[in-house]
Each structure stands twice: as C-alpha cells, then as structure tokens.
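Subject: A structure for you to look at

Hi there,

Here is the structure I promised to send you. Please open it next to this email and follow along as you read.

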Amino acid sequence: MRTLGLPGLGALGVCFGQVVAIDSPRARKIGSFNWGATLWHELAHVITLQMTNHNIPRWYSEGLSVYEERRARPGWGDDLSPAVVRAYQEGKLLKVSELNAGMMRPRVPEQIMLSYYQASLFCELIEKKFGFERFRNPCCSSLKTSLRRRCSGPRSGGQRHPRAGICGLPR
Ligand SMILES: [Zn+2]
C-alpha cells in the first residue's frame, strides 16, 4: 500500500479510518522509533475518525492520539522539551485555531511537532477540566450530525442516500 507520494518522508504510520499503514518494527534502525507508541497513536485515530465519520478537526484527532500515547505508558507520546520551552519564551506557541495550519502548513519545520504536542495539551486540559465524557459526546454528536446530513439530502435522481437505514440514531 502506498501511503505517501514522495519517498523519504518520515511518516511512521498513517490512518485511513478503518485501515492503518505502519512501518514494521524492524523497518527502521533500532531505537529510531517506538513501534508500540506509533501503533497506539494510529489506533486512537481509528477510533476518533470512526466515531466522527472523519468529521473531526485535524488538531483534535492528532491531539487525542498523542494524548492517548502519553496516557498509555510513561515515556510514550510527546513531552515537554527544550524546543517547547524555547517556543513559549519566544511567543511562538499557537492558538487552538492555528493548530491545523501548524500541522499542515508549518512556517518552520519544528512547528509540526510543536503543534502535535500543543494539541495534546489542549486535550489533556479538556479532560482534566471537563472529564472524559467531554471527548466522547462531541465525537458522537458529530457522527450523528454527519450521518443525518448525508442521509436526508436528495441525491441525483431524487433518491435518498442508500445508507439511510443507518440514520436511526438517538437524538
Ligand atoms: Zn496522527
């Protein structure tokens, strides 16, 4: 399976929703990546993408995946680093509304990892302040909204979406 169009890019794993593509544990030099943490990260994406029908901001999905890594085992997931402290001191940390751009259109290369880490801190803050349910409820309501929108709109020829049978979700 091809995951990226360019050779040499450093993606360790990619999630397509229900399918995860990931380097094998021996694909890279020993100590260069944590295979278990990478798998855990991608599995968290499977859950968030499926719960939202892919209707979740990138920063939120990445933040939850990195946060899940940290919750899974000590040493997994991004952690406070000198780069984070330096970015903080220089006023270069991003607002939540800027995190998607920080991941997809970074102004400097290190902004990608900073954005992932910051997103995970926002997720950690949400859980500590409002509880775990705050994650699950928006994900479920996003899925319901998405499915209702897909199922209620007329398609070409005036027919309803063929998956209309799955629209019986509780309100
Ligand atoms: Zn990810």
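How many helices and how many strands make up the secondary structure of the chain? The answer is six helices and two strands. Do keep in mind that this is a predicted model. If you walk along the sequence, the elements come in the pattern β-β-α-α-α-α-α-α. The chain has 171 residues, and 22% of them are buried.

Let's begin with helix H1 (35–52). Its 18 residues reach 26 Å from the first C-alpha to the last, close to the 26 Å expected at 1.5 Å a residue. Which residues of H1 are buried? They are Ala37, Thr38, Trp40, His41, Ala44, His45, Thr48 and Thr52.

Now look at what comes after H1. The helix is followed by Asn53, which has a positive phi near 55°. Asn53 lies in the loop between H1 and H2, and His54 is found in that loop too. His54 also has a positive phi, of about 65°, although it is not a glycine. Here is some background: most residues other than glycine have a negative phi. How covered are these two residues? Asn53 is partly exposed because it has 17 other C-beta atoms within 10 Å. His54 is partly exposed as well, with 14 other C-beta atoms within 10 Å.

Nonpolar side chains tend to be buried together in soluble globular proteins. In this model, the largest nonpolar core has 17 residues, and those that touch the most other members are Trp59, Leu64, Val66, Leu99, Tyr116 and Ala119. The elements that give two or more residues to this core are H1, helix H2 (58–72), H4 and helix H5 (111–130).

At what angle do H2 and H5 pack? The angle is about 80°, and their axes are 7 Å apart. Angles of 65 to 115 degrees count as roughly perpendicular, and H2 and H5 are therefore roughly perpendicular to each other. On the H2 side, the contact is made by Trp59, Glu62, Gly63, Leu64, Val66, Tyr67 and Arg70. On the H5 side, the residues include Ser115, Tyr116, Ala119 and Phe122.

Helix H3 (82–89) gives another picture. H3 is hardly covered, and the count of buried residues among its eight residues is zero. After H3 comes Gly91, whose phi is positive, near 70°.

Finally, find Leu94, in the loop between H3 and helix H4 (99–104). Is Leu94 buried or exposed? Leu94 counts as buried because it has 20 C-beta neighbours inside 10 Å. Leaving aside neighbours within four places in sequence, Leu94 is in contact with Leu99, Gly102, Ser115 and Gln118. The C-alpha atoms of Leu94 and Gln111 are separated by 9.0 Å, and these two residues are 17 residues apart along the chain. Leu99 touches Leu94 in turn, along with Trp59, Ser115, Gln118 and Ala119, not counting residues up to four places away in sequence.

Enjoy exploring it!

Best wishes

Note on methods
Residues are numbered from 1 along each chain as its sequence is written. Helices (H or I, at least four residues) and strands (E, at least two) are DSSP runs, numbered from the N terminus. A residue is buried if 20 or more other C-beta atoms lie within 10 Å of its own, exposed if 12 or fewer, and partly exposed in between; C-beta atoms are placed from the backbone. Two residues are in contact if their C-beta atoms, placed from the backbone, lie within 7 Å. A nonpolar core is a set of buried Ala, Val, Leu, Ile, Met, Phe, Trp, Tyr and Cys residues joined through C-beta atoms within 7 Å. The expected span of a helix is 1.5 Å times one less than its number of residues. Axes are lines fitted to C-alpha atoms, for helices over the stretch in contact, and angles run from 0 to 180 degrees between N-to-C directions. Angles under 35 degrees count as roughly parallel, over 145 as roughly antiparallel, 65 to 115 as roughly perpendicular and the rest as oblique.
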